[in-house]
Amino acid sequence: MTEKIRVMIVDDHPMVARGIQSILETYDDIFIVGTLKNGQQAILQVEALQPDVILMDLNMPKLGGLSATEILLERFPNLRILVLSIHDNPEYISSALNHGAMGYVLKDVPTDEIKLAIDTVMRDKRYLCTGAEGSLNPTVDESRRTLTGREQTILLQLAQGKSNKEVANALQISVRTVETHRKNLKRKLGIYSTAGLTRYALDYGVLQGTGTNL
């Protein structure tokens, strides 16, 4: 028997959370480990509940989805976080992906699409629902192609989980130089977390050393 996918729902609207839970519980390969009200609760309980996938709302009290995503992925990099939101604004979508989320789904999508999104991120692939994908600015990827060769090398090192000091030793440059490159990478890519840099590196083949999409 196939092991069930453990899903955590994080949403401050009880009716929404219960609705999503009731929908997903109709699938034999889904097990809901918990429904939580905000990012703070998710951080406190994630280790005990051990989800494979977290369905994360964005706007929540105490700690919102973006901050929670960044903190969770820093501590548990193998988590798959799928943002489930009412917002189709490109800035929301880009921010979620840059903070390390593996996907973005609008709350008004059909039931089957939420399941498809979960299955997709479980295969370690990014998923954007049609509405979210259509809202993204096509010029964003073009701005990301301006990385220099040295910046691509630094990105590869950072995405492998190396510290600034380890990168400096590997490339025989100063720690301050690495810090400068790191700041430039975050500025150019609009990514402000290590998890986001790693996700970018995975999406664009940097971790395989190809660099073909940069």
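Strands here are DSSP runs of E with at least two residues, numbered from the N terminus. The model is predicted.

**Exercise 1. Identify what the side chain of Arg80 reaches.**

Step 1. Check backbone atoms. The backbone oxygen of Val121 is 3.0 Å from the Arg80 side chain.
Step 2. Widen to contacts, leaving out residues up to four places away in sequence. Arg80 touches Asp52, Val53, Ile54, Met102, Val121, Met122 and Asp124.

**Exercise 2. Work out the strand order of the sheet and find its edges.**

Step 1. Read the order. Six strands form an open sheet, β2-β1-β3-β4-β5-β6, with parallel pairing.
Step 2. Find the edges. β2 (30–36) and β6 (127–128) each have a single partner strand, so one side of each lacks a neighbour in the sheet.
Step 3. Look at one pair. Four bridges join β1 (residues 5–10) to β3 (residues 53–56). Met8 has Ile54 in β3 as its bridge partner.

**Exercise 3. Locate helices α1 and α3 against the strands.**

Step 1. Take α1, residues 14–24. Helix α1 lies across β1, β2, β3 and β4, at about 170 degrees to β2.
Step 2. Take α3, residues 65–75. Helix α3 lies across β3 and β4, at about 160 degrees to β3.

Definitions and conventions
Residues numbered from 1 in each chain as written. Predicted model: local features only at pLDDT ≥ 70, side-chain atom pairs only at ≥ 80, totals over all residues. Heavy atoms only, no water. Polar contact = N/O pair within 3.5 Å; in protein donor to acceptor, adjacent residues only side chain to side chain. Contact = heavy atoms within 4.5 Å. Pairing = 2+ DSSP bridges. Axes fitted to C-alpha atoms, helices over the stretch in contact; angles between N-to-C directions.
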